[in-house]
Amino acid sequence: VVEALAALGAQDVLRAFVDTDREINDPVERAGEEAVLNTAVRALRGEDDEAFFQRLLELASTRRLAGAIELLGTFRRPEALSCLIAALADDLARMAAEDAIRQYGRAAETALLAGATERIMQDGAETESSRRRRRAALGLLLEIGGAAGLSRQQRDAWCLDDDPWIALAGCRLALACGAPAERCAAIRRLLDMLPAVDWQVRRDIEDCLIEHGDDAR
């Protein structure tokens with residue numbers, strides 16, 4: 001029905017649907033509702049008024065709605081970045097959030113740095129969602145070329161992190177823009193990690209060592 005309405009150009013009907021909050025307690029029904037809502041939101045691509053932006057921000061913040069997150073990236077407004085960074089912690093929303101953040105390019109660097117640094121602790125340990133956010137934020141920092149603006153102290157902290165994926169990302173950052181001594185330290189850290197990590201991390205470490213073999217000399 002939503003696709004038919006979109007084909008007919010019934011934007012006002014779709015907007016009314018997207019703007020209406022519906023409380024659904026049954027998790028199966030709620031999942032179906034969110035799938036339809038995602039379709040409706042995506043059908044409204046191109047709408048650019050302030051009310052629509054604020055509704056997208058609300059849906060992305062409270063419900064981690066992938067369609068809303070995708071469209072927020074097209075606005076490239078700074079006030080949406082904190083919401084997009086938070087969505088990196090959500091397994092279902094992460095890919096949409098990464099794509100949205102990529103549209104900002106280097107303008108997202110400061111927000112990504114905050115997302116890669118902030119830890120959320122519970123019972124004396126960092127939560128898994130906090131780790132997921134930091135991993136994704138670091139990966140995006142590498143991707144957009146934001147490594148050069150970081151201090152060695154920041155890179156060292158990530159290199160020594162007890163999460164192997166974060167440590168690997170920190171080493172990649174060091175190898176991307178560090179001085180020779182820092183690059184050598186990153187290589188040693190990667191070699192020290194090899195015996196203690198699972199096969200997925202080990203494979204990526206080995207690829208990194210092959211790519212940066214000259215820094216080991």
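A crossing of two helices is called left-handed if the near helix is turned anticlockwise from the far one by less than a right angle, and right-handed if clockwise. In this predicted model, local features need pLDDT of at least 70 and side-chain atom pairs count only at pLDDT 80 or more, while totals for chains, interfaces and linings use all residues. Residues are numbered from 1 along each chain as its sequence is written, and side-chain values use heavy atoms, with hydrogens and water left out.

**Helix packing**

- Helix H7 (residues 94-102) passes helix H9 in a right-handed crossing, where helices are DSSP runs of H or I with at least four residues, numbered from the N terminus.
- H7 and H9 (residues 128-144) pack at an angle of about 30°, with their axes 11 Å apart; axes are lines fitted to C-alpha atoms over the stretch in contact, and angles run from 0 to 180 degrees between N-to-C directions.
- Arg-94, Glu-98, Ile-101 and Arg-102 of H7 meet Arg-132, Ala-136, Leu-140 and Glu-143 of H9, contact meaning heavy atoms within 4.5 Å.
- By class, this contact of H7 with H9 has 3 nonpolar, no polar and 5 charged residues, with Ala, Val, Leu, Ile, Met, Phe, Trp, Tyr, Cys and Pro counted as nonpolar, Asp, Glu, Lys and Arg as charged, and the others, Gly among them, as polar.
- Helix H5 (residues 66-75) packs with H7 at an angle of about 10°, their axes lying 7 Å apart, which makes H5 roughly parallel to H7, a term for angles under 35 degrees.
- On the H5 side, Ala-66, Ile-69, Glu-70 and Gly-73 meet Ala-96, Ala-97 and Ala-100 of H7, and the classes in this contact are 5 nonpolar, 1 polar and 1 charged.

**Pockets**

- The largest pocket has a volume of about 250 Å³, a pocket being an open set of points on a 1 Å grid where a 1.4 Å probe fits, with protein on both sides within 12 Å along at least five of seven lines.
- Its lining, made of residues with an atom within 4 Å of a point, holds 13 residues, of which Arg-135, Ala-136, Gly-139, Trp-165 and Ala-169 lie nearest the centre.
- H9 gives the most to this lining of the largest pocket, with 6 residues, and the lining divides into 6 nonpolar, 1 polar and 6 charged residues.
- The second largest pocket holds about 170 Å³ of space, and helix H3 (residues 27-43) provides the largest share of its lining, 4 residues.
- Residues lining the second largest pocket include Ala-31, Glu-34, Arg-63 and Asp-90.

Key
Helices (H or I, at least four residues) and strands (E, at least two) are DSSP runs, numbered from the N terminus. Angles under 35 degrees count as roughly parallel, over 145 as roughly antiparallel, 65 to 115 as roughly perpendicular and the rest as oblique. Grid points are joined across faces, edges and corners, and a volume is the space filled by probe spheres set on the points.
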